[in-house]
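Q: I have a sequence and a model on my screen. Can we read its features together?

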Amino acid sequence: MGFEQAWLDYGKKEGYADAERIRYIYADADSAVMKNSVKELRDALAAFTGRDPQVNALSERKEGTGQIESICLVKKEGCRAEGYRLYEEKGGIVVEASDERGILYGVFALIFRMQRQETLAGIDLKKEPAMPLRMVNHWDNMDGSIERGYSGRSFFFENNEILVDERTVTYARLMASVGINGAVINNVNVKDQATYMITEKYFDKLREMSEIFAGYGIRFFMSLNYAAPVELGELDSADPLDEGVAAWWEKRMKIVYDAIPLLGGFLIKADSEGRPGPFTYGRDHADGANMLARAIEPYGGLIIWRCFVYNCRQDWRDRKTDRARSGYDNFMELDGRFRNNVILQIKNGPMDFQVREPVHPLFGGLTKTNQMLEVQIAQEYTGQQRHICYLIPWFKQILEFRTYVKETDDTVRDIVSGKTFGQKNCGMAAVANTGDDENWTGHDLAAANLYGFGRLCYEPELAAQEIAKEWIGLTYGRDQEVEETILFLLMESWPAYEKYTSPLGIGWMVNPSLHYGPSVDGYEYDRWGTYHRADHLGIGVNRSRNGTGYALLYREPHASVYDDMEKCPDELLLFFHHVPYTWKLGSGKTVIQHIYDTHFEGVEMVDEMARRFEELKGKVPEKVYGRVTGRLAHQKEHAREWRDQINTYFYRKSGIPDEKGREIF
């Protein structure tokens, strides 16, 4: 299958004098990263101008004539790791960094500036990444399927074989261009042939892929089966405190690193949703993580341990057991017990990537443990890349959330950047939204989430709108109408999706297993702990001190605010409280009227999005226009389905009519 170049689709820049004048590149291309940096510049300039620039060693650099004629790549102390400086000097543009990754990121920043045809004269900017680790987690299976994949099949795996080809290189380029420096290539639910990825069967292809990644500054990670000693048939136990098990892992890690020396480490999901883990042996997660961390430490490897651990065999009749508490309850008491090469990867909220959740209380709870924020750009619960849902505004809110763990430097962003506790093993990870579709992300506009995540990791101070404008300019050019229209669609999309789906932080209400389409009671009487508790009087889950007590897991003042129905923010009210349908929100509306109004408003917003995009016919590539209008037609229909099912359900449940007299079935 063919594939596009996404935002790296360089094209000729008619009349762009700054690019036309550049004839020389000076660099010492003595490594894979430096060679790729030079190649990227050459390819971009050749596309922009139709002329291939001459490449010379740094020692051959000559002073220019006063005009910008060259680009010089210089390794020099002055920037933090992976940072860069771009500036004009002696008739040339200098890309300066203390390390090769910084050079590569500076090169892409310069290319993006030229791609948008911005002036290079007088340029002087310095950028340093906020997050030490900026990762994508792929949920790809070795049979070629992708769990929660909405963009085709895997381009890493097919029929239990590993694919390494031209698309692997383009993928690495795309990730590096936005500052991604780590990638986990396989599903966290490791099963079947994926367990054998730590055996000789797959080493050759994995090493080849890791070398391609390394050439673009990306650390190569794999997901690991905690029960591998048993499932590979070599031991009858995976007890982390068993000396024989520890010795097995030490031997296995040596074999793995001898074969794949560039391996960054492993991502692990344990004791959750059927995955094996230390609980099987009466041990805790620190025991399990530390055993693996000791085995991998001699090779500089990391163990990234997911905190998505909960009882998935809940009884819906039980009002005290609360899935939202599980991550906190399982990990808070272990704070300070994890080795330094262990990172706890914590979802943005306590449930599962719903369209609205409170920030996870482990952020601000843990003070002695390395932490990573995990978000999901694969739109599992936000439209599955059939609906537009630009998630960067949401991620910005999460990052700027104050935890009050300290008087200053206490936001989630501060914690996962290492600023709060001085940690180096920390950062952000996103569940990837890519597949082998021609446009990588299924919905053309979903690529904004992939681009935006990388940019947000590197520069979290950027506004969501600013990131969107960057992506639009790189992908669709400089036409003002195109920019304004696509920007409108992106910025309105998350609010619209929230309005026509699940109200006031309640979440779920989707078809089980698929997680797509409205089904108000789909998860209400099941084992997964995903309840809305609606009855004929009201709706919501009581997580106050008189309920499950979850609200009190936060530091003050959040605990008091969330615990009090009068003070709780409207957008999270039903997450924390069971309230009557007649409860007055801060807006002055009742809960039931809010439900009616927002669901009608959400549909109207989608209609306007579709109408405005249709006006771009002839202004965006025909193939893109056809794909996006097709998706928007589906979104319009699906939004109505959401509106009518949700409104009808609550009208019939409450018996309270819509104040505006609209048709509710």
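Q: Which residue is the bridge partner of Ala183 in β11?
A: Strands pair if DSSP finds at least two bridges between them. Here Phe220 in β11 is the bridge partner of Ala183. Strands β10 and β11 (residues 219-223) run parallel and are joined by 3 bridges. The labels come from DSSP runs: helices are H or I with at least four residues, strands are E with at least two, and both are numbered from the N terminus.

Q: What should I know about the model and its numbering?
A: This is a predicted model, where local features need pLDDT of at least 70, side-chain atom pairs count only at pLDDT 80 or more, and totals for chains, interfaces and linings use all residues. Residues are numbered from 1 along each chain as its sequence is written, and side-chain values use heavy atoms, with hydrogens and water left out.

Q: In what order do the strands of the barrel follow one another?
A: The order is β7-β10-β11-β12-β13-β14-β15-β16. These 8 strands close into a barrel with parallel pairing. On average, neighbouring strands are turned by 25° against each other, direction ignored. Axes are lines fitted to C-alpha atoms, for helices over the stretch in contact, and angles run from 0 to 180 degrees between N-to-C directions.

Q: Is strand β15 mostly covered or uncovered?
A: Buried means under 20% relative accessible area, exposed over 50%, and partly exposed in between (1.4 Å probe, protein chains only). Strand β15 (residues 371-376) is mostly covered, with 6 of its 6 residues buried. Gln371, Leu373 and Val375 are buried on one side. Met372, Glu374 and Gln376 are buried on the other.

Q: How many bridges join β15 to β16?
A: There are 5 bridges between β15 and strand β16 (residues 427-431), and the two run parallel. Leu373 has Met428 in β16 as its bridge partner. Strand β14 (residues 342-347) also runs parallel to β15, joined by 4 bridges. There, Gln345 stands opposite Met372.

Q: What is the strand order in the open sheet?
A: This sheet of 6 strands has the order β2-β1-β3-β5-β4-β6, with mixed pairing. β2 (54-56) and β6 (124-127) stand at the edges with a single partner strand each, so one side of each has no neighbour in the sheet. Neighbouring strands here are turned by 15° against each other on average, direction ignored.

Q: In which sense do β3 and β5 pair?
A: Strand β3 (residues 70-75) and strand β5 (residues 92-97) pair in the parallel sense over 6 bridges. Cys72 stands opposite Val94 in β5. Helix α3 packs on this sheet and touches β3, β4 (84-89), β5 and β6. The direction of α3 makes about 145° with that of β5.

Q: At what angle do α2 and α3 pack?
A: Angles under 35 degrees count as roughly parallel, over 145 as roughly antiparallel, 65 to 115 as roughly perpendicular and the rest as oblique. Helix α2 (residues 32-49) and helix α3 (residues 100-115) pack at about 10°, with axes 9 Å apart. They are therefore roughly parallel to each other.

Q: How many disulfides does the structure hold?
A: A disulfide is a covalent bond between the sulfur atoms of two cysteines. The cut-off used is a pair of cysteine sulfur atoms within 2.5 Å. The structure holds 0 disulfides.

Q: What backbone features deserve a look?
A: Most residues other than glycine have a negative phi, and most peptide bonds are trans. Gln384 has a positive phi of about 50° although it is not a glycine. Gln384 lies in the loop between β15 and α10 (392-399), and counts as buried at 4% relative accessibility. Ser513, also not a glycine, has a positive phi of about 70°. Ser513 is exposed, with a relative accessible area of 51%.

Q: Which residues does a cis peptide bond join?
A: A cis peptide bond joins Glu556 and Pro557, with omega about 5°. Pro557 is in the loop between β17 (538-539) and α15 (558-563).

Technical notes. Contact means heavy atoms within 4.5 Å.
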